[in-house]
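Welcome! Take a moment to look at the sequence and the 3D picture below, and then we will walk through them together.

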Amino acid sequence: MGMAVGIRGKGRPKLTETAEIDLAIREATLQAMLEHGEAATMHAIAQAAGLSRKSLYARYPNKQALFVGIIRDALTSAEALQYEGGGSAEERLLHYIEAALAAITRPESQALQHLLRRDHGYISALKTEMLDATRKIFFAPLAALLGEAKAAGELAIDDVEATARATIQLIFAEGLRPDDDRPRGLTHGLRGDYAAFLTRLLTRGLTPRRP
């Protein structure tokens with residue numbers, strides 16, 4: 001539910017009011033995207049944020065500009081993927097893959113993917129932010145994991161960055177597959193099965209041979 005900011009007096013809003021308005025718009029827009037996708041309307045978003053349509057249009061000239069702005073903020077503020085870091089290299093890799101699959105199959109992530117598939121204009125507008133977010137959220141922690149495993153002699157990796165990129169592509173290939181291609185989507189059980197399969201596939205070729 002959006003955070004209504006209430007009715008304020010006339011004149012330019014104070015900095016605290018501006019921050020509250022921006023937060024209300026962000027929450028209302030994200031909720032509208034999650035529930036209605038491209039069918040969400042500026043009128044409904046303004047109502048959910050506790051604003052007039054005039055106030056919303058004063059900040060964003062149209063719905064695409066609003067969606068692009070809110071998604072851009074979400075991408076730039078995203079943090080690196082968190083996963084359980086204990087155990088062997090194989091166990092850490094499994095935990096990473098499970099966490100990555102969980103992240104990209106969350107309802108809000110799926111709603112964003114659906115929006116991007118429906119209108120490629122969003123991809124063009126957000127290409128830089130999407131690449132930067134992918135590197136920060138997924139690539140950096142995986143490259144660190146693989147680099148540490150290589151340094152410790154747990155995994156025999158020639159090119160850490162190339163291996164990380166290939167692994168992320170395999171994760172995304174399954175996790176971002178449209179739900180229309182699956183009878184019930186990628187459920188928690190299926191995520192675990194795929195994570196275990198992918199971990200075995202990767203570590204089988206990367207585990208160093210013992211003399």
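## A buried arginine

Is Arg 92 buried or exposed? Its relative accessible area is 10%, and buried means under 20%, so Arg 92 counts as buried.

You can find Arg 92 in helix H5. A polar atom of its side chain lies 2.9 Å from the backbone oxygen of Gly 87. Setting aside neighbours within four places in sequence, Arg 92 is in contact with Tyr 83, Glu 84, Gly 85, Gly 86, Gly 87, Leu 145, Ala 149 and Glu 154.

## The largest nonpolar core

Now turn to the largest nonpolar core, which has 55 residues. Which of its members touch the most others? They are Ile 25, Leu 66, Tyr 96, Ile 97 and Phe 138. Helices H1, H2, H4, H5, H6, H7, H8 and H9 each supply at least two residues of this core, and H7 gives the largest share, with 11 residues. Domain 1 (16-67) and domain 2 (78-206) both contribute residues, so the core lies between them.

Not counting residues up to four places away in sequence, Leu 66 touches Ile 25, Thr 29, Met 42, Ile 45, Leu 56 and Tyr 60.

## How confident is the prediction?

The protein chain averages a pLDDT of 86, and 83% of the residues score at least 70. Residues 1-9 have a pLDDT below 50, and this stretch has 24 contacts in the model beyond near neighbours in sequence. For residues 180-185 the pLDDT is also below 50, with five such contacts.

How values were computed
Residues are numbered from 1 along each chain as its sequence is written. This is a predicted model: local features need pLDDT of at least 70, side-chain atom pairs count only at pLDDT 80 or more; totals for chains, interfaces and linings use all residues. Side-chain values use heavy atoms; hydrogens and water are left out. A nonpolar core is a set of buried Ala, Val, Leu, Ile, Met, Phe, Trp, Tyr and Cys residues joined through side-chain atoms within 4.5 Å. Buried means under 20% relative accessible area, exposed over 50%, partly exposed in between (1.4 Å probe, protein chains only). Helices (H or I, at least four residues) and strands (E, at least two) are DSSP runs, numbered from the N terminus. Domain bounds come from an automatic or database domain assignment. Contact means heavy atoms within 4.5 Å. pLDDT is the predictor's confidence in each residue, from 0 to 100. A polar contact is a pair of N or O atoms within 3.5 Å; within protein, one must be able to donate a hydrogen and the other to accept it, and residues adjacent in sequence count only if both atoms are side-chain atoms.
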